[in-house]
Amino acid sequence: IVDIHATLLIVYAYEFTSITSVMLLEDFTIPSAFILSICFLKIRYTKTHLKALFLCGLGMGVAFVMICSSNKITKVTLIEQKFDSDVMALAGAFLYALSNILQEHFLKSREDVHHYLGFLGLFGTIITFLECYVSGEFDDVKNLNSDQTFYLVKNLILFSAINQICYSLIPFFVQRSGATLLNISNVTTVIWSLLIDITLFH
């Protein structure tokens, strides 16, 4: 449930802001996972780790200010929508971190990746369909014309395939190295998103 709602928040955040902005704000998962691992997993970090956490938080603050200050939109409504998208990205990042911490706790206590993946796929599918039904996503799909349907189906298949690969590999990484290192490794997504943003939208 936590992971699904994190994904929903991130996806909705893309509607009013750029890929780069969302990816930068998603790095909030690092300090979130850091703090949650101390609270729930009782992991002890050194002073060097705490300094790195402070620098990460400082960088997040600077990135957030730069994103807001670089906004050239003058309409109040659009500015509010942009701010809401940034908040949704931050909330989604926190939920991703919480999901990863819970995942690490389960995998390191049970050491059963395959059962975890099975239940994740089963309940993830059920909850996703319920969310789509409640939010009216199926009705929106019915109102699309033939051209829009083709691009929607193509993008949906690609999105699902990529997520299938990621969600199949991430539990093995978390079990071996932990949720905090996973979120630190995800910083590289900012570079890739920046390159894709430049290639596709500029």
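Colleague: Is Val2 buried, partly exposed or exposed, and what is its relative accessible area?
Modeller: Buried means under 20% relative accessible area and exposed over 50%, with partly exposed in between (1.4 Å probe, protein chains only). Val2 is therefore partly exposed, its relative accessible area being 26%.

Colleague: What kind of model is this, and how are its residues numbered?
Modeller: This is a predicted model, in which local features need pLDDT of at least 70 and side-chain atom pairs count only at pLDDT 80 or more, while totals for chains, interfaces and linings use all residues. Side-chain values use heavy atoms, without hydrogens and water, and residues are numbered from 1 along each chain as its sequence is written.

Colleague: Which residues does Val2 touch, not counting those up to four places away in sequence?
Modeller: Val2 lies in helix H1, residues 2-13 (helices are DSSP runs of H or I, at least four residues, numbered from the N terminus). Its C-alpha atom is separated by 9.2 Å from that of Gly92, 90 residues apart along the chain. With contact taken as heavy atoms within 4.5 Å, Val2 touches Leu95, Leu98 and Ser99.

Colleague: Which helix holds Leu122, a member of the nonpolar surface patch?
Modeller: Together with Phe119, Phe123, Ile126 and Leu130, Leu122 forms a patch with about 500 Å² of accessible area. Leu122 is partly exposed, at 45% relative accessible area. The helix that contains Leu122 spans residues 113-135 and is H6.

Colleague: How many disulfides does the structure hold?
Modeller: Cys39 is partly exposed at 43%, and Cys166 is partly exposed at 35%. With a disulfide defined as a pair of cysteine sulfur atoms within 2.5 Å, the number of disulfides is zero.

Terms used. Helix = DSSP H or I, 4+ residues; strand = E, 2+ residues; numbered from the N terminus. Patch = residues over 30% accessible without salt bridge, like charges linked within 9 Å, V, L, I, M, F, W, Y side chains within 5 Å. Areas by Shrake-Rupley, 256 points an atom, 1.4 Å probe, with all protein chains shown as cover. Salt bridge = Lys/Arg side-chain N within 4 Å of Asp/Glu carboxyl O.
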